[in-house]
Amino acid sequence: MQAKGLRDLITEADTCRKYVLPKLYGAGWTDDQMSEQKTFTDGRIIVAGEKCFRKKQKRADYLLRYRRDFSIAVVEAKSAYKNAGDGLQQAKEYASMLGLKFAYSTNGKGIVEHDFITGRDTDFERFPTPDDLWSRLSTSENITPEVGERLLAPCNTLAGKALRYYQEIAINRAVKSVLQGKRRVLLTLATGTGKTYIAFQIVWKLWNTRWNRTGEYRRPKILYLADRTVLVEDPKDKTFASLGDARWQIQGEAVKSREVYFSTYQAVAKDEHRPGLYREFSRDFFDLIIVDECHRGSAKDESNWREILEYFEPAYQIGMTATPLREDNRDTYRYFGNPIYTYSLKQGIEDGFLAPYRVHRVVPSVDATGWRPAKGEKDKLGREIPDELYGTKDFERIVSYKARTEAVAKHLTSFLKEKDRFAKTIIFCVDQEHAEDMRKALNNCNLDLVKEHPDYVCRVVSDEGDIGRGHLDRFMELETKTPVILTTSQLLTTGIDAPMCKNVVIFKVINSMVDFKQIIGRGTRVRDDYGKLYFNIIDYTGSATRLFADPEFDGEPARITEEEIDENGKTVKATFEEYIDKESQEEARTARDNTPRIKDDSEGTPKKYYVNGRPVEMVADIVYELDSDGKRLVVVKYTDYTADQLRSMYTSAAELRSKWSNAEQRKQILSALEDRGITFEQLAEATKQYDADPFDLLCHVAYNAPLRTRRERVEQVRKNRKDFFSKFGEEAKQILNEMLEKYIEFGTQQLTDTNVLKIPPISNHGNLMEITELFGGPIELRDTLGELQNLLYSN
């Protein structure tokens with residue numbers, strides 16, 4: 001009894017306040033060095049039907065910092081009656097995520113330390129001092145006083161824009177690597193995680209502390225390289241703006257009086273007209289080069305861009321990429337070496353910093369069957385079309401099939417009408433010509449909106465120049481309504497910060513995992529304040545479905561649906577499972593390479609055959625979900641998925657019933673189901689059983705139990721348990737019956753939420769206090785409603 005009393009009296013919060021804080025103060029830790037109840041993730045976003053919610057955030061009891069932007073240890077506190085080491089596993093997990101070498105667990109009296117440097121667990125009576133931990137860390141990582149002074153310098157963070165934990169790790173590891181003489185450094189961070197912001201903080205630390213390659217007292221000369229103008233101008237004008245006049249964008253002239261330079265490769269590379277502007281700088285001019293999206297060709301041996309990096313060989317070079325090592329970016333890793341830090345798409349989604357997504361697989365009938373021209377058939381330009389079977393990989397590369405483009409435009413328009421016609425959408429097409437065809441088809445499918453908003457759908461490709469850039473700038477703005485839809489081919493695959501992009505449409509075959517990750521990265525930004533918590537991938541070529549099955553893909557979808565559509569964009573019922581292994585992928589590539597091409601004998605000769613084609617239909621409706629291990633995608637219906645998940649939690653309907661009748665346990669069950677993406681609203685929609693009680697619907701789906709409506713349950717209680725109602729006066733019985741009617745109409749929550757007592761007809765019986773007195777008081781009313789719920793679910 002005494003132990004139980006102690007447990008009731010001393011909570012973890014009491015332990016922190018009465019014991020842990022005094023011990024930390026006693027060891028020399030200041031308030032500026034301690035973050036109490038520090039939340040370091042946002043909580044994974046769960047998509048359940050049309051609703052989204054976040055899972056629990058990860059929160060450390062204490063995060064200890066040696067300096068403002070240099071975390072060094074984590075502390076987990078447990079109640080005083082528990083063992084000092086009970087929180088050590090959690091502390092170690094958090095320390096591993098946060099890149100820390102010291103983890104502590106305490107009950108306020110004893111302290112247990114795990115040292116990741118030595119692997120040793122040690123009991124302490126008091127916490128180490130800040131200088132003790134820094135000394136141990138700097139000794140193990142060979143951080144000299146000179147290196148430490150620059151490494152510990154603060155970042156240039158704006159008020160209210162604190163570094164995320166992975167950003168702090170990436171910045172400090174990159175800066176430390178440079179300070180310790182590592183010439184080539186690679187950071188791998190998923191699209192949408194703030195690579196440009198990380199690059200700026202690295203530059204700021206080195207620039208502000210006057211680090212340079214030669215050790216002179218001067219600020220460093222730094223070059224920020226990218227392969228597209230937008231990837232250079234946006235960082236220069238926005239993220240790096242606080243550097244003021246130290247910035248300069250290289251454009252046709254080798255200005256040498258600034259400190260932080262921005263350039264595309266193309267602006268300084270050699271071509272047939274010039275030997276290369278980069279040669280007007282001395283080889284040792286730059287101290288540091290940062291290469292953004294370095295997987296895009298800069299490290300290939302045969303690349304002109306590689307020549308630039310090798311010319312400036314004396315400079316330290318930091319590469320930044322969103323794509324882990326694969327065959328198609330192996331050169332990047334060979335040049336820069338293994339990444340010093342990796343933050344994956346999967347981890348970003350798990351932490352809630354990146355948006356999850358749904359995948360809709362849509363199959364045009366001409367893709368499902370292929371298209372073969374009639375013997376001697378000619379295209380719109382009068383050229384005979386080679387007698388071959390053309391498929392998805394050939395459309396818009398060899399054969400421009402107008403009916404297919406128009407059918408997809410109709411389907412996408414219907415999709416937007418159902419979801420949100422002003423949801424920002426990017427469509428990736430085969431080439432610039434295909435992007436224009438798609439723009440025109442979508443324009444003509446949305447004349448009602450185009451009359452009011454002429455820029456509702458726009459093409460953004462390299463040929464558009466400043467006009468396309470203007471469309472893109474407006475598309476990226478948070479507050480602008482239009483343009484809504486952008487069609488493109490390759491231009492928007494990287495570096496476009498479009499936080500409100502809710503639909504990524506794939507209308508081209510993608511074989512490269514690097515390109516695929518870049519493309520879906522256009523939608524991964526999260527904006528809670530604007531209701532952007534997930535996005536859709538609409539896949540018309542099968543690329544997403546195939547690449548999700550790749551074992552090296554690290555970001556799992558919330559759901560994949562597959563359907564086929566007719567020429568009017570309407571779904572035609574059919575079901576099939578698609579599986580493509582790596583061998584068949586290779587066969588597809590070989591077939592693509594061997595497909596006959598139109599000879600390009602002269603300037604301006606069309607490179608495709610142009611046909612209107614027969615009407616195109618769309619068919620099928622398949623839902624893909626991850627299996628229980630989260631390792632592979634399996635084809636299931638939503639009801640089958642719900643049944644599998646529920647049976648994994650409860651072996652029988654009887655076991656579920658034993659928990660369900662208790663309001664608190666029922667709440668936990670519903671929460672656990674929501675964590676798996678299952679809601680009653682969505683299940684009722686899938687089964688069209690809107691009047692069923694959630695318990696009955698779950699048991700029917702999972703255990704094949706008879707399906708009963710809420711009204712049937714109420715009538716059974718009224719008929720068989722008159723003894724329950726006889727215990728109350730007439731007015732109290734009337735209130736109970738009115739609450740049961742509310743339950744019939746709206747569901748179980750009506751029996752647990754006291755706000756229902758404030759709504760007519762129940763509120764007609766008096767205020768909350770007067771109603772509770774009819775049952776003998778608040779506690780008695782709570783017990784009565786609990787008993788009523790037990791009776792409802794007794795059989």
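Ser 177 touches Lys 182, Val 185 and Ile 340, leaving aside residues up to four places away in sequence. These contacts come from a predicted model. Ser 177 sits in helix H6, which spans residues 165-179.

Is Ser 177 buried or exposed? Its relative accessible area is 11%. The cut-off for buried is under 20%, so Ser 177 counts as buried.

The side chain of Ser 177 also makes a polar contact. It reaches the backbone oxygen of Arg 173 at 2.8 Å. Leu 151 lies 26 residues from Ser 177 in sequence. In space, the C-alpha atoms of Ser 177 and Leu 151 are 9.9 Å apart.

Now to strand S10, residues 222-226. Five of its five residues are buried, so S10 is largely enclosed by the rest of the structure. Which residues cover each face of S10? On one side are Ile 222, Tyr 224 and Ala 226. On the other are Leu 223 and Leu 225. Both sets are buried, and both faces are covered.

S10 pairs with strand S12 and with strand S13, as the table shows.

| Partner of S10 | Residues | Direction | Bridges |
|---|---|---|---|
| S12 | 260-264 | parallel | five bridges |
| S13 | 288-291 | parallel | four bridges |

Which residue of S12 is the bridge partner of Tyr 224? That partner is Phe 262. Toward S13, Leu 225 stands opposite Val 291.

Methods. Residues are numbered from 1 along each chain as its sequence is written. This is a predicted model: local features need pLDDT of at least 70, side-chain atom pairs count only at pLDDT 80 or more; totals for chains, interfaces and linings use all residues. Side-chain values use heavy atoms; hydrogens and water are left out. Buried means under 20% relative accessible area, exposed over 50%, partly exposed in between (1.4 Å probe, protein chains only). Helices (H or I, at least four residues) and strands (E, at least two) are DSSP runs, numbered from the N terminus. Two strands pair if DSSP finds at least two bridges between them. Contact means heavy atoms within 4.5 Å. A polar contact is a pair of N or O atoms within 3.5 Å; within protein, one must be able to donate a hydrogen and the other to accept it, and residues adjacent in sequence count only if both atoms are side-chain atoms.
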